[in-house]
Amino acid sequence: MTNTIAASSEHRVRTDDTLTSPRASPNQEKTHMIIRPLPFFSSGSRLDADLHLPDDDGAGAPYPVVVAASGYQGLKVIHPERFARALTPLGYAVLAFDYRGFGQSEGERGRLPPQDWAEDVRAAVDRVAAVKELDADRIALVGWGLGGGVVVAEAAEDPRVHAVACLNGVADGTRSTRNMHDEESWNRLLERIDADRGRRAEYGRSEITSPWDIVRLDLDGQTDTYVGDELYKAPGFGSGVSLESADMLLRFSPERVVGRIAPRPILIIHGDQNELHRPEEAQSMFDHANEPKQLVFLEGHGHTEFMFDDHPTFKRIVDTLDKFLTNALQPQPPTAG
């Protein structure tokens, strides 16, 4: 499976096509959509992105558009494309992209401050707002995990975003990360981050460490198993992360700005048994948000074990998203002139 398509190419994925995308999974082959490259630049780096469009000969254009943002260590071929496969047949255009430094995107490898990612999402909004088939007045952000906090941070500063969905997200980086660790591993992480500040100030480089030294998975068995069995199938997943990124993660607190999204609506969905990003992240995000806001807990579910295209819980998430977006992205009547 490769992550690139020629910049001039366009690919239709249909149930009656004999030709299928070289990147298409069996689930993709069952959907009705067109996939075409839509790269864009963020802070000077060219980011790899694909636009997924309904295969309706343009009948629904200009389409409402969803920018799908990955979580920690995420790649566009994982959950962003999963949401594209689910939402595009419902009439949405979906942009799936790799953050700077990931996949085929340019940028420093091992660097993943969520503050930079918010800039990447903003650049994605810049890009889709300029595409003629897309409705610039009906742009929504959907973020998963750490990406859930990222889309909140971006939307708080970007009035072009009309709706936000934070799924199993992070409301405060320090609290969320602390809850992943025992006392010993947490103190060790803080010591390493502190030492790295001096090192990079002196030498200009941050130490690269295992991503799981920062986001500790082994205390959440369901997520650890899913990551090992499923996510490592994506080329490049699990690459090293700089301690500077950990430092920036601990400074990241989207709950402090979520109130600025109103009067635009926010949807928060979270597993009530999530041991990676605990339910208090969702509750705190909701408590800091202003109306209109909606909080949905997935009873009996953790962080990511249900993230399969055909899983009933994932289908429930998509149905909730569709209802939310349908209400939030109503076409605006033309202005009387």
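I call a residue buried when its relative accessible area is under 20%, exposed when over 50%, and partly exposed in between (1.4 Å probe, protein chains only).

**Ground rules.** I am working with a predicted model, where local features need pLDDT of at least 70 and side-chain atom pairs count only at pLDDT 80 or more, while totals for chains, interfaces and linings use all residues. Residues are numbered from 1 along each chain as its sequence is written, and side-chain values use heavy atoms, with hydrogens and water left out.

**Entry 1: salt bridges.** I counted a salt bridge when a side-chain nitrogen of Lys or Arg lies within 4 Å of a carboxyl oxygen of Asp or Glu. That rule gives 34 salt bridges. I looked up Arg216 and found it bridged to Asp218, 2.7 Å from N to O. Arg216 counts as buried because its relative accessibility is 17%. Asp218, at 46%, is partly exposed.

Next I took Asp120, whose salt bridge to Arg100 has its closest N and O atoms 2.8 Å apart. Asp120 lies in helix α2 and Arg100 in the loop between β7 and α2, 20 residues apart. Asp120 is buried at 0%, and Arg100 is buried at 14%.

**Entry 2: aromatic pairs.** I paired rings of Phe, Tyr and Trp (its six-membered ring) if their centres lie within 6.5 Å; planes under 30 degrees apart are stacked, over 60 edge-to-face, and the rest tilted. The structure holds 10 such pairs. Phe102 sits in the loop between β7 (93–97) and α2 (114–128), and Trp117 in helix α2. Phe102 is buried at 4%. Trp117 is buried at 1%.

Tyr226 and Phe308 are also edge-to-face, because their centres are 5.4 Å apart and their planes are at 70°. This pair joins helix α7 (residues 221–229) to the loop between β13 and α10, 82 residues apart. I also noted a cluster of Phe40, Phe97, Tyr99, Phe102 and Trp117, linked by ring pairs.

**Entry 3: helix α10.** The buried residues of α10 include Phe314, Ile317 and Leu321. I saw the buried residues of α10 pack against several elements, among them α1 (79–87) and β12 (266–271).

Terms used:
Helix = DSSP H or I, 4+ residues; strand = E, 2+ residues; numbered from the N terminus. Contact = heavy atoms within 4.5 Å.
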